[in-house]
Amino acid sequence: MTVNAQNSIHDANPTAAIVIIGDEILSGRTQDTNVNTIAKFLGSLGIDLMEVRMVHDDEAQVVRTLNALRTEYDYVFTTGGIGPTHDDITADCVAKAFGLPIAERADALQVLIDRYGGLDKLNVNSRRMARVPEGASLILNPVSGAPGFQLDNVFVMAGVPRIMAGMLNDLPHRLRQGRQVLSRTLKAHYVPESLAADILTELDRAYSDLSLGSYPYGMFPDAFGTQLVIRGRNKDSLDEAFDRLIAGMNDVVDKAKLRFPEATFEEITA
């Protein structure tokens, strides 16, 4: 449960959305890990990730999604669909979303030539990876060579996690950075989430600039409990609220001990 999620924690920072493109993701054949990687990358730059969408390899759906998100948020990051096969349609979709032509570009082709050791090593399919919408700038790919690209506020990257992660290294200088969100976490062992709800509600009313969340883990009769997280950009406010949380948790744990004698709590610092 998260309370106070729609507050000033997002007011000043750039915002972003992620579009994961690929039938293999939606069919369950491939498990996505790119969202987690990009979310951590954006968080380190003070960019607030607001939305994630997963879409089929369908031109109309991809174009519609891009046009909706690129006008809603400061940045849009896509993964998947820029390889050499027939269903790699992302570059064409981005071009269509912006109403721009797309063609093989000399600088992108040269990257592939350098990577694979000559033009004769490329075939028609591999040269598809050198097709870039007009006006786009290339995103370097230190892992496999084939570049991604940036067009306005849309950043188009590979779907393979290791390749995508490598492309992120070429992005920080292109992005407006904000204030990082700070967080502190309290782990309450053998404390049901319902017992911690009242103190979170009290803190929520007192600190409108913070985001508070409770996240249960485990299940009785095995080990279980609740993690309580406070997030915000004002360190003084965050620390004050966390001190109040710790003070209030003594009564919460005493109540929990009536049923679960092992109940206790600690701050998680890692």
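1. The axes here are lines fitted to C-alpha atoms, for helices over the stretch in contact, with angles running from 0 to 180 degrees between N-to-C directions. Helices (H or I, at least four residues) and strands (E, at least two) are DSSP runs, numbered from the N terminus.

2. Before going on, a word on what you are looking at. This is a predicted model, where local features need pLDDT of at least 70 and side-chain atom pairs count only at pLDDT 80 or more, while totals for chains, interfaces and linings use all residues. Residues are numbered from 1 along each chain as its sequence is written, and side-chain values use heavy atoms, with hydrogens and water left out.

3. Back to helix 2 and helix 7: which residues in them meet? From helix 2 come Asn34, Thr37, Ile38 and Phe41, and from helix 7 come Pro161, Met164, Ala165 and Leu168. Sorted by class, this contact of helix 2 with helix 7 has six nonpolar, two polar and no charged residues. (Ala, Val, Leu, Ile, Met, Phe, Trp, Tyr, Cys and Pro count as nonpolar, Asp, Glu, Lys and Arg as charged, and the others, Gly among them, as polar.)

4. Helix 7 has other partners too. Its buried residues are Ile163, Met164, Gly166, Met167 and Leu168, where buried means under 20% relative accessible area, exposed over 50%, and partly exposed in between (1.4 Å probe, protein chains only). They pack against helix 2, strand 4, strand 7 (137–139), strand 8 (148–151) and strand 9 (154–157). Contact means heavy atoms within 4.5 Å.

5. Threonine 79 is worth a click. This residue lies in strand 4 (residues 75–79) and counts as buried, at 1% relative accessibility. Not counting residues up to four places away in sequence, threonine 79 touches Val19, Ile20, Ile21, Asn34, Ile38, Met157, Ala158, Gly159 and Met164.

6. Is aspartate 170 buried or exposed? It is buried, with a relative accessible area of 13%. Leaving aside neighbours within four places in sequence, aspartate 170 is in contact with Leu138, Ile139 and Leu140.

7. Now compare another helix pair. Helix 3 (residues 59–72) and helix 4 pack at an angle of about 55°, with their axes 9 Å apart. Helix 3 and helix 4 are therefore oblique to each other. On the helix 3 side the contact is made by Glu59, Val62, Val63, Leu66, Asn67 and Arg70, and on the helix 4 side by Cys93, Val94, Lys96, Ala97 and Phe98. Those residues divide into seven nonpolar, one polar and three charged.

8. Next, the rings. A search of the whole structure finds seven aromatic pairs. Rings of Phe, Tyr and Trp (its six-membered ring) pair if their centres lie within 6.5 Å, and planes under 30 degrees apart count as stacked, over 60 as edge-to-face and the rest as tilted. Tyrosine 190 and phenylalanine 224 are edge-to-face, at 5.5 Å centre to centre with 80° between the planes. Tyrosine 190 lies in the loop between strand 10 (182–189) and helix 8 (193–206) and phenylalanine 224 in strand 12 (residues 224–232), so this pair ties together parts that are 34 residues apart in sequence. Phenylalanine 220 also pairs edge-to-face with phenylalanine 224, at 6.3 Å centre to centre and 85° between the planes. Ring pairs link Tyr190, Phe220, Phe224 and Phe260 into a cluster.

9. Phenylalanine 220 is joined to proline 221 by a cis peptide bond, with omega about 15°; proline 221 is in the loop between strand 11 (211–218) and strand 12. Tyrosine 190 has a positive phi, near 60°, in a residue other than glycine. Aspartate 152 is not a glycine either, yet has a positive phi of about 55°. This aspartate 152 sits in the loop between strand 8 and strand 9 and counts as exposed, at 55% relative accessibility.

Key: Parallel < 35°, antiparallel > 145°, perpendicular 65-115°, else oblique.
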